[in-house]
Amino acid sequence: MSLIRDIPDFPSPGIMFKDITPLLADQQAFATAIDHVAERFVGSNVTHVVGIEARGFIVAAPVAYRLGAGFVPLRKKGKLPSEVRGIDYTLEYGAERLEVHIDAVSSGDRVVIVDDVLATGGTARAACDVIRELGAEVLGVGVIIELEFLSGRRALGDVDVFSLLKY
Ligand code: AMP
């Protein structure tokens, strides 16, 4: 069985959803994927790994642990309890709002942003923008899967992008 499962027309018609749950459930594949994403940023003095709700949390938290960095959640609208900075953006299948606690990172912090899939890049771009607005430096973006035909990497400008699997 493939570790990445293609689900056609989810969550809306015309989208080929890349389901990473078989990879997450495979002990060896999960560990290897985390190791590879983390490896890319070893030695970069990363202070925080930012995970994008919700699947990004699953990847970002062990990457943060592996790098000896803190974990910061970037959450959907209305989920974080303290004061937030938010940003509206569009992704492959819709529009969303992400929020982060205003004191989660600040000037001098060195941040890596992690998600499961890079599609059009709208989500990762919004994440980079809001983290920079808080004064932190974005060292790079790490994902398990990059959908190259959607050119997400281009949307991120000169940000260093690491993807484990390209489609
Ligand atoms: P985008 O902003 O277009 O790069 O979309 C990336 C975000 O949406 C990530 O948080 C992914 O979890 C999710 N996403 C977008 N397209 C897909 C897809 N085809 N399969 C799985 N997740 C996707």
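**Entry 1: names first.** Strands here are DSSP runs of E at least two residues long, helices are runs of H or I with at least four, and both are numbered from the N terminus. I keep in mind that I am looking at a predicted model.

Entry 2: The peptide bond leading from Phe10 into Pro11 is cis, with omega near 0°.

I then went to Asn45, in the loop between α2 (27–39) and β3. Asn45 is not a glycine either, yet its phi is positive, about 55°. Buried or exposed, I wondered about Asn45? Its relative accessible area is 59%, so it is exposed, the cut-off being over 50%.

One more cis bond turned up, from Glu53 to Ala54, with omega near -5°. Ala54 sits in the loop between β3 and α3.

**Entry 3: the sheet.** In what order do the strands of the open sheet run? I traced 7 strands as β5-β6-β4-β3-β7-β8-β9, with mixed pairing. From one strand to the next, the twist averages 25°.

I zoomed in on one pair. Strand β3 (residues 48–52) and strand β4 (residues 70–76) run in the parallel sense and share 5 bridges. Within it, His48 is opposite Gly70 of β4.

Two helices pack on this sheet. Helix α3 (residues 55–67) touches β3, β4, β7 (110–118) and β8 (137–146), and its direction makes about 170° with that of β3. Helix α4 (residues 122–133) touches β3, β4, β5, β6 (94–101), β7 and β8, and its direction makes about 160° with that of β5.

**Entry 4: Asp116.** I found Asp116 in strand β7. Why does Asp116 count as buried? Its relative accessible area is 3%, and buried means under 20%. Leaving out residues up to four places away in sequence, Asp116 touches Ile20, Arg55, Gly56, Val143, Ile144 and Ile145. With Arg55 there is also a polar contact of 2.5 Å between the two side chains.

**Entry 5: the ligand.** Which residues come nearest to the ligand? Of the 17 around it, I wrote down Glu92, Asp115, Asp116, Thr120 and Thr123 as the nearest. Arg55 shows up here too, with a polar side-chain atom 2.8 Å from an oxygen atom of the ligand. An N or O atom in the side chain of Glu92 is 2.6 Å from a nitrogen atom of the ligand. For Asp115, an N or O side-chain atom is 2.6 Å from an oxygen atom of the ligand. Taken alone, the ligand exposes 480 Å², and the protein buries 97% of that.

**Entry 6: Gly157.** My last stop was the loop between α5 (152–155) and β9 (161–166), where Gly157 is found. Gly157 counts as exposed because its relative accessibility is 55%. I also checked Gly157 against Arg125: the two are 32 residues apart along the chain, and their C-alpha atoms are separated by 8.9 Å.

Notes
Residues numbered from 1 in each chain as written. Predicted model: local features only at pLDDT ≥ 70, side-chain atom pairs only at ≥ 80, totals over all residues. Heavy atoms only, no water. Buried < 20%, exposed > 50% of the residue type's maximum accessible area, 1.4 Å probe, protein only. Pairing = 2+ DSSP bridges. Axes fitted to C-alpha atoms, helices over the stretch in contact; angles between N-to-C directions. Contact = heavy atoms within 4.5 Å. Polar contact = N/O pair within 3.5 Å; in protein donor to acceptor, adjacent residues only side chain to side chain. Near = heavy atom within 4 Å. Areas by Shrake-Rupley, 256 points an atom, 1.4 Å probe, with all protein chains shown as cover.
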